[in-house]
Amino acid sequence: MDFNVKKLASDAGVFFTRAVQFTEEKLGQAEKTELDPHLDHLIARGDSTKNWTEKILRQTEVLLQPNPSARIEEFIYDKLDKKIPSRTTNAELLGQHMLDAAQEFGPETPYGRTLITVGEFQRKLGGAERELLQTSAAAFLNPLRNFLEGDWRTISKERRLLENRRLDLDICKARLKKAKQAEAKASAAPDFQETRPRNYVLSASASALLSEEVDKAAHELRVAQTEFDRQAEVTRLLLEGIGSTHLNHLRCLQDFAEAQTVFYAQCHHHMQDLQRELHRSGPLAALDRSVKPSLLFCSRLTFLPVFPSGSKLAKQPEALECSAELRGIRKVMLVFVLSLQLISVYTVPGMDPDWLIGQRGNEKGKVPVTYLELLS
């Protein structure tokens, strides 16, 4: 117990002297040992690496998991060294809701079939997103986090130790400087007012004590300088390892970009498949197959939709010349517009700019411009 008390008192004394030295340096009342310029550069690069790594890590986590509550939950599981439970992605949840809704509305209805189709592809998108999250965490997030929680903690610890060694060195320098000043002052002004031998003995004894104090301070300075140099070298070696850290993070960044490329390629592929599936088996395509071609063409091969009464296009003379079979069948005309059929169109002099001549094989007629998507 006595040893612990003495050690605690000694540590408290060292802490106090370091605090005094640090305060005097900040106030400009004490000299400060400057570090090597190369070491200063390494320290600045290390601080920059640490700061930007933290920002990139946090923003990547936000990108991959926008929900802050989920990120906090994953952080707690990580700190408790427990496995993070599998979480359903938003796309998978949406797909499941669509499938459940299709069962409620009836899977044989056009809306139900489309819900099933889209829901299955949403689940595929969710699966691709899950793979991206897992790959990104293993290939990119974990290496960045390991650097901050491992290598950088070691570097920070050695840097704090280096700062303490520098403060001890400056304290020893100041102590040696004061001892030399006291010795020089005593040597420059000896006391000759008293001629008794006792005074000469006391003066010689004080001079010896001052000389001993100078020697002791010089020895402490040499020890402090050695420890400071050794710690500076250790810190320099650790900071030079930042270069290899950059190379490691470069490979991790490339892996992350590759994972994103695969993810977006999968999403593009799934959406193209979904689009083809909708066009092939969707309700509009089924309606289009159920309509005879004669319903799409009137007796004069004119393509005309039914417009509300009083509209400008409802007064077109061509609308009166269309066959009675086409009148009132607005949905048929919408099927024609949405069925993605390819036709050739052209115009003739004097023709209304809202209409074009459409031709498909041997059939041709007038088509409203607003119902067309010109490819070239």
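Which residues have the most contacts inside the largest nonpolar core? Keep that in mind as you look through these close-ups of a predicted model.

**View 1. The largest nonpolar core has 35 residues.** L39, F140, L176 and L239 are the ones with the most contacts inside this core. Helices α2 (37-64), α5, α6 (197-240) and α7 each supply at least two of its residues. The biggest giver is α5, with 15 residues. Zoom in on L239 and you will find it touching L39, L42, I43, R45 and I155, not counting residues up to four places away in sequence. Apart from this core lies another, of six residues, and M98, L115, V118 and L274 are among them.

**View 2. Helix α7 covers residues 242-281.** From its first C-alpha to its last, this helix of 40 residues reaches 57 Å, close to the 58 Å expected at 1.5 Å a residue. Its buried residues are I242, T245, H249, C252, F256, A259, F263, C267, H270 and L274.

**View 3. E158 is a buried acidic residue without a salt bridge.** You will find E158 in helix α5, which spans residues 110-188. The nearest side chain of opposite charge is that of K157, 5.7 Å away. What does E158 contact once its neighbours within four places in sequence are left aside? The answer is Q231, V234, T235 and L238.

**View 4. Strand β2 pairs with both β1 and β3.** Strands β1 (residues 344-346) and β2 (residues 355-360) run antiparallel and are joined by three bridges. On the other pairing, β2 and β3 (residues 363-368) are also antiparallel, over six bridges. I357 is a handy landmark here: this β2 residue is the bridge partner of Y346, and its own partner in β3 is K366. Two residues separate the strands in the hairpin of β2 and β3, where G361 takes a positive phi near 65°.

Definitions and conventions. Residues numbered from 1 in each chain as written. Predicted model: local features only at pLDDT ≥ 70, side-chain atom pairs only at ≥ 80, totals over all residues. Heavy atoms only, no water. Helix = DSSP H or I, 4+ residues; strand = E, 2+ residues; numbered from the N terminus. Buried < 20%, exposed > 50% of the residue type's maximum accessible area, 1.4 Å probe, protein only. Lys, Arg positive; Asp, Glu negative; His and termini not counted. Salt bridge = Lys/Arg side-chain N within 4 Å of Asp/Glu carboxyl O. Contact = heavy atoms within 4.5 Å. Expected span 1.5 Å × (residues − 1). Pairing = 2+ DSSP bridges. Core = buried A, V, L, I, M, F, W, Y, C linked by side-chain atoms within 4.5 Å.
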